[in-house]
Amino acid sequence: MINVLILSPYNRAGQHLGGVSTVTQYLVENLKNVQDVNSIKIVSLSSHTNNNSNEKIYNNIISIKNINGQKRFTLLSNNYFDTIKIKNYVRSLNIKPTIIHGQGASSYGLHAVRLAKWLNIPSVITIHGMVDIEANLYRDKLRALLVKRMMNYVLSNANSVIFTAPYRVDQLKKIINGKIYVLENAISDIYFQRDNIEFRDDKI
């Protein structure tokens with residue numbers, strides 16, 4: 001049987017919030033119907049509010065744990081203290097995960113590959129956005145360096161990496177040592193074509 005641990009932004013009330021949180025919710029909704037999946041545990045971190053909570057259990061398969069994330073010096077400490085918090089939570093589980101999924105190639109992905117090594121289980125990372133390209137826009141060059149270093153570590157240590165944009169594979173495949181999967185974007189290409197945008201100017 002498969003016991004899944006997902007590290008991702010997530011709303012404990014189970015409502016759709018948009019972005020990665022919604023992606024994770026749809027993933028969970030589909031995983032719960034897979035015959036071999038015994039349990040799905042989601043860990044969500046928040047550095048903005050006191051979000052620590054008891055584990056919430058839904059329909060005996062899905063459970064959600066919200067943990068207070070590190071509020072300062074997260075990048076400088078390489079997210080170390082948050083990884084320890086998640087590891088302590090995993091230690092408390094009666095049923096240990098058999099696979100771990102991190103959303104993104106930044107902090108959640110970093111925690112995922114670290115914990116996978118500790119537990120000796122496979123790690124899966126889904127790429128969202130362009131962390132490395134966005135880092136080039138930072139005025140703080142040290143921050144940019146740390147973000148890129150984190151992404152490189154995540155991608156080079158993940159057992160499997162999922163892309164939702166094929167062109168990103170060409171940009172990052174040299175870093176990746178694991179398997180690569182490409183999931184086509186569910187949104188029709190027509191919505192990305194400039195000719196179909198109602199207001200045609202230089203700002204989209």
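Analyst: In helix H1, the buried residues are Ser21, Thr22, Thr24, Gln25, Val28 and Leu31. Buried here means under 20% relative accessible area, exposed means over 50%, and partly exposed lies in between (1.4 Å probe, protein chains only). The model is a predicted one, in which local features need pLDDT of at least 70 and side-chain atom pairs count only at pLDDT 80 or more, while totals for chains, interfaces and linings use all residues. Residues are numbered from 1 along each chain as its sequence is written, and side-chain values use heavy atoms, with hydrogens and water left out.

Helix H1 covers residues 19-31. Helices (H or I, at least four residues) and strands (E, at least two) are DSSP runs, numbered from the N terminus. The expected span of a helix is 1.5 Å times one less than its number of residues. The 13 residues of H1 should therefore span 18 Å, and the distance of 19 Å between its end C-alpha atoms agrees with that.

The cover over the buried residues of H1 includes S1, S2, strand S4 (62-68) and S5, where contact means heavy atoms within 4.5 Å. S1 is itself mostly covered, with five of its six residues buried.

These strands belong to an open sheet of eight strands with mixed pairing, in the order S3-S4-S2-S1-S5-S6-S7-S8. Two strands pair if DSSP finds at least two bridges between them. The edges are strand S3 (56-58) and strand S8 (179-182), each of which pairs on one side only. On average, neighbouring strands of the sheet are turned by 20° against each other, direction ignored. Axes are lines fitted to C-alpha atoms, for helices over the stretch in contact, and angles run from 0 to 180 degrees between N-to-C directions.

Strands of a sheet pair through backbone hydrogen bonds, either parallel or antiparallel. S1 pairs with S2 in the parallel sense over six bridges, and Leu7 has Val43 in S2 as its bridge partner. S1 also pairs with S5 in the parallel sense, over four bridges. There, Ile6 stands opposite His101 in S5.

Another helix, H3 (residues 107-119), lies across strand S1 (2-7), strand S2 (37-46), strand S5 (99-103) and strand S6 (123-126), and runs at about 165° to S5.

Ser160 has Lys179 in S8 as its bridge partner.
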